[in-house]
Amino acid sequence: MLERQEFLELSTEQARSYREMLSDSETSTLVKFGKLRHICDLDPVTGTSTKLDRIQELLEEISNLGEKAVVFSYWRKPLTALSEILEKKSPGSTQLLTSEMDLVQRDLAIQNFKNRNVTLLASAKIASEGLTLVEANHAIFINRWWNPSSNEQARDRIRRLGQQRTTYMYSFTTIDTIEEK
């Protein structure tokens with residue numbers, strides 16, 4: 001497994017929202033912590049995201065190599081935002097796997113990923129247990145959970161028995177934010 005962590009600046013819009021949240025004296029510390037983490041992934045006002053921009057570039061590189069990726073997030077909003085962006089460019093190019101899906105829908109989503117040339121955009125909480133996704137050899141994390149073993153379980157979905165290719169893991173951290181600290 002080759003791992004690469006990239007450090008990214010917040011977009012202008014993300015930085016504005018981040019500063020506003022930091023200065024909000026009415027929000028409790030715990031709630032503020034969560035909102036700051038969400039802003040690192042996606043600006044709540046404009047939907048801009050340096051992480052999603054970089055992931056789009058990375059997915060294009062992976063596709064050009066004829067390989068597949070699974071994109072993980074512990075929150076649904078960045079996954080759906082990325083899906084909308086990618087689907088506009090190339091309809092049918094993504095498959096979502098989230099907790100809102102029942103077991104039949106989840107199974108269909110996995111089969112669609114395994115049998116077609118699509119990128120799986122998966123809730124790391126749902127996709128971190130029991131799945132074998134060796135059709136992909138790239139695991140991309142929009143965000144990471146506080147418990148490293150949860151991240152490793154999600155990552156290991158592409159590193160199961162039967163994986164014949166080198167596997168890659170990518171994670172992103174926004175500079176000068178709560179993520180970096």
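Predicted model: local features only at pLDDT ≥ 70, side-chain atom pairs only at ≥ 80, totals over all residues.
Residues are numbered from 1 along each chain as its sequence is written, and side-chain values use heavy atoms, with hydrogens and water left out.

Gln95 belongs to strand β3, helices (H or I, at least four residues) and strands (E, at least two) being DSSP runs numbered from the N terminus. With a relative accessibility of 15%, Gln95 counts as buried, the classes being buried under 20% relative accessible area, exposed over 50% and partly exposed in between (1.4 Å probe, protein chains only). When residues up to four places away in sequence are not counted, Gln95 touches Met101, Ala109, Asn112, Val118, Thr119, Leu120 and Leu121, where contact means heavy atoms within 4.5 Å.

Strands β3 and β4 run parallel and are joined by 4 bridges, pairing requiring that DSSP find at least two bridges between two strands. Thr94 has Thr119 of β4 as its bridge partner. The chain passes from β3 through α5 to β4 in a right-handed β-α-β crossover, a term that applies if, with the strands pointing away from the viewer, the path from the first strand over the helix to the second runs clockwise.

Helix α5 comprises the 13 residues 103-115, which at 1.5 Å a residue should span 18 Å, and its end C-alpha atoms are 18 Å apart, in agreement with that value; the expected span is 1.5 Å times one less than the number of residues. Within α5, Ala109, Ile110, Asn112 and Phe113 are buried. These residues cover an arc of only 160 degrees around the axis, which puts them on the same side of α5, the arc being that of the directions from the helix axis to the C-beta atoms. On the other side of α5, Leu103, Val104, Leu108 and Asn115 are exposed, while the cover over the buried residues includes β2 (69-73), β3 (94-97) and β4 (119-123). At the start of the helix, a side-chain oxygen of Asp102 comes to within 3.0 Å of the backbone nitrogen of Val104.

Arg106, also in α5, counts as partly exposed at 22% relative accessibility. The side chain of Arg106 reaches the backbone oxygen of Met101 at 3.0 Å, and, with neighbours within four places in sequence left aside, Arg106 is in contact with Leu97, Thr98, Ser99, Met101 and Ile126. Arg106 and Leu96 lie 10 residues apart in sequence and 8.9 Å apart in space, C-alpha to C-alpha.

Elsewhere, Arg54 in helix α3 (residues 50-64) counts as buried at 13% relative accessibility. In helix α7 (residues 148-155), Ser150, Asn151, Ala154 and Arg155 are buried, and, seen down the axis of α7, its buried residues fall within an arc of 140 degrees, so they line one face of the helix. Asp176, in the segment after β6 (168-174), is exposed, with a relative accessible area of 60%, and the phi of Asp176 is near 60 degrees, a positive value in a residue other than glycine.

Key:
Polar contact = N/O pair within 3.5 Å; in protein donor to acceptor, adjacent residues only side chain to side chain.
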